[in-house]
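Welcome! Here is a short tour for anyone meeting this structure for the first time. Please take a look at the sequence and the model, and then read on.

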Amino acid sequence: MANRTGMNYDNAYTEEEWQEISRDIPKESDPFMQKYIQGREALVAQENRERSDASFRKGLTPIAKRACDIVARIREEEKNTVWTPQLEDSLAQESENITVHPGMMFSLSKQRMEGTKLWKIVRRMPKGTLLHAHLDAMVDFDYMFEVLFATPGMHLYADQPLATAEARDAAKINFRFYKQPRTEGDIWSQSYKEGTPILLTQVADTFPEGGKAGFLKWLYGRCTLSRTDAVSQHHGVDEIWKKFYKCFRVVNSMIHYEPIFRMFLRRLMSLLKADGINWCEIRFSWALDYYAQDSETPEPDFSAAMTAIDEEVARFRSSAEGKGFWGLRMIWAGMRMFPTRDIVQNMEYCITTKMAHPNLILGYDLVGQEDGGRPLRDLLPELFWFRKQCAEEGVNIPFFFHAGECLGTGNATDHNLFDAVLLGTRRIGHGFSLYKHPLLIDLVKERRILVESCPISNEVLRLCGSVMSHPLPALLARGVPCALCNDDPAMLGQDTAGSTHDFWQALQGWENLGLAGLGSLAENSIRWAAFEDQTPDEWSRDIREASMGGGTKAQRLKEWQVDWEKFCLWVVDEFGED
Ligand SMILES: O=c1[nH]cnc2c1ncn2[C@@H]1O[C@H](CO)[C@@H](O)[C@H]1O
């Protein structure tokens with residue numbers, strides 16, 4: 001007789017033997033089996049009560065519960081209809097030898113994801129605020145290029161002739177305004193003298209491989225990580241960071257001219273609002289190279305840039321499009337690989353900017369690859385100096401540190417998490433390696449420190465292979481408060497300032513999150529936002545009291561709750577009868 005595997009067994013059961021044996025196999029309805037199953041379910045429920053989104057789930061209204069069920073059903077459906085190799089409709093993907101599956105790498109799934117029902121739903125969801133993002137990498141570059149070309153007087157210069165493929169791949173490139181057009185020289189030839197500005201339109205038209213169209217393609221490639229970069233996990237973290245830094249070498253000066261910066265800010269707020277984000281706290285790490293409109297001399301301080309932000313936020317908020325938008329604030333970010341003198345000088349700029357524009361600077365951080373820069377342990381003298389200086393000047397600039405954006409286990413970078421907590425950070429940027437630290441997890445919960453998690457960034461920068469192996473579910477299960485953020489969306493592949501891709505990935509990737517989990521993460525993003533300067537006590541109180549409090553935060557949490565209910569109703573209306 002052949003069994004299911006097709007093998008022949010001479011001594012296989014006879015029909016009578018099987019009848020007898022199968023009578024002895026316990027049934028689910030047997031009382032002892034029932035007891036086991038009940039106990040098992042109680043254990044799962046007990047674990048779920050520890051989750052950081054447990055109370056949010058418990059408080060769901062009947063409409064919200066229905067919306068969550070509908071979304072769970074659509075997710076299941078799309079797993080079998082969209083994310084399956086059997087239904088492969090794109091030959092292009094087949095020819096690249098890519099197998100379609102749920103939770104596949106972001107860069108490979110982006111296009112397909114954007115066509116799903118889940119996308120439509122997540123896109124519409126009110127997402128609260130965006131708490132972790134870097135200013136230079138927020139707005140889609142295709143748009144920024146249009147602005148650059150439409151701005152009179154834009155010039156470009158490089159630190160070397162762009163005559164070879166190698167030079168074009170690595171050169172530092174600067175954009176800058178000049179009143180009188182400069183047309184001398186050819187940046188694409190060996191005769192180019194480094195640092196010579198040439199009119200941008202001329203530079204583009206003379207691009208050796210296809211003129212302006214070729215130039216735009218090349219420039220886009222220098223500003224973003226390509227799909228190949230993003231999926232080549234075998235190259236490792238340091239390698240992708242080299243490419244990532246190369247992007248900043250091109251982008252750094254792009255928005256540092258007033259008319260362009262203003263267009264950038266408008267586009268940024270417009271993209272955020274359209275994605276359901278009403279507030280954004282942005283890491284700001286500029287050199288002193290900002291130029292006011294029609295000016296060829298850099299501003300002596302950061303005041304003019306801050307004023308532009310203030311004015312553009314006010315302008316957007318009073319427009320029809322910006323109705324309900326709460327605003328932007330900046331987290332001052334020094335470069336962690338810099339030597340003491342530069343870091344201290346930059347801290348000084350931070351303090352003077354804070355004094356002139358207290359509403360715009362909300363905190364301090366250090367950025368750049370954590371493995372490649374100085375650990376917080378090494379930066380203690382500078383950080384204590386900063387703290388003392390802030391106290392003397394009477395300004396309140398709390399820490400919002402990047403920490404644990406690394407693969408190391410127990411090395412100096414991984415231990416940045418200890419210093420971040422000890423130094424009183426109000427949130428942790430990334431906290432990718434926090435799941436390895438039970439003691440710190442307890443402290444983070446006790447002190448109500450939120451983790452700003454950036455799943456797509458972590459995947460593209462090679463900390464994990466896909467969203468499926470991201471550690472955020474471990475933190476959520478342990479009761480750590482978290483929010484979802486997009487980090488550098490214009491560079492890392494999302495290609496828009498909004499967070500829908502990151503929310504979508506989390507929903508599709510992690511079975512036990514669901515729409516309720518996303519709702520809780522969005523609510524956290526408001527609960528842990530720094531809408532105004534607060535003492536440590538005020539900050540903790542507002543987080544504790546949440547929507548029951550009396551201040552701005554409570555007000556905005558209530559506004560979000562209304563939007564969330566409306567959204568859930570929309571989900572039920574739109575997808576309930578499918
Ligand atoms: O994920 C990140 N971790 C640490 N630093 C970052 C990340 N993304 C960007 N930057 C750093 O921030 C500056 C621009 O604001 C860039 O210099 C970049 O190196």
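Which residues in H4 meet which residues in H7? On the H4 side they are Val71, Ile74, Arg75 and Glu78, and on the H7 side Lys117, Leu118 and Ile121. Please keep in mind that this is a predicted model.

**H4 and H7**
- The axes of H4 and H7 lie 9 Å apart, and the two helices pack at an angle of about 145 degrees.
- Sorted by class, the contact of H4 with H7 has four nonpolar and three charged residues, with no polar ones.

**H24 and H26**
- Helix H24 covers residues 514-527 and helix H26 covers residues 552-575; their axes come within 9 Å and cross at roughly 155 degrees.
- Because angles over 145 degrees count as roughly antiparallel, H24 is roughly antiparallel to H26.
- The crossing in which H24 passes H26 is right-handed.
- From H24, the contact is made by Gly519, Glu523, Ile526 and Arg527, while H26 brings Lys553, Arg556, Leu557, Trp560 and Trp564.
- The residues of this contact of H24 with H26 divide into four nonpolar, one polar and four charged.

**A helix on the inside: H23**
- Among the buried residues of H23 are His501, Phe503, Trp504 and Leu507.
- The cover over the buried residues of H23 includes helix H4 (62-81), helix H6 (106-113), helix H7 (117-124), helix H20 (455-460), strand E11 (482-484) and H24.

- Lys127 sits in the loop between H7 and strand E1 (128-134).
- Lys127 counts as buried because it has 29 C-beta neighbours inside 10 Å.
- Leaving aside residues up to four places away in sequence, Lys127 touches Asp275, Gly276, Ile277, Ser499, Phe503 and Ala522.
- Phe503, one of these partners of Lys127, is also one of the buried residues of H23.
- Lys127 and Asp563 are 436 residues apart along the chain, and their C-alpha atoms are separated by 9.6 Å.

**Around the ligand**
- The ligand is surrounded by 14 residues, and the closest are His134, Phe248, Ser285, Val367 and Gly368.
- By class, the shell around the ligand has four nonpolar, five polar and five charged residues.

Methods:
Residues are numbered from 1 along each chain as its sequence is written. This is a predicted model: local features need pLDDT of at least 70, side-chain atom pairs count only at pLDDT 80 or more; totals for chains, interfaces and linings use all residues. A residue is near a molecule or strand if its C-beta atom, placed from the backbone, lies within 6 Å of it. Ala, Val, Leu, Ile, Met, Phe, Trp, Tyr, Cys and Pro count as nonpolar, Asp, Glu, Lys and Arg as charged, and the others, Gly among them, as polar. Axes are lines fitted to C-alpha atoms, for helices over the stretch in contact, and angles run from 0 to 180 degrees between N-to-C directions. Helices (H or I, at least four residues) and strands (E, at least two) are DSSP runs, numbered from the N terminus. Angles under 35 degrees count as roughly parallel, over 145 as roughly antiparallel, 65 to 115 as roughly perpendicular and the rest as oblique. A crossing is left-handed if the near helix is turned anticlockwise from the far one by less than a right angle, and right-handed if clockwise. Two residues are in contact if their C-beta atoms, placed from the backbone, lie within 7 Å. A residue is buried if 20 or more other C-beta atoms lie within 10 Å of its own, exposed if 12 or fewer, and partly exposed in between; C-beta atoms are placed from the backbone.
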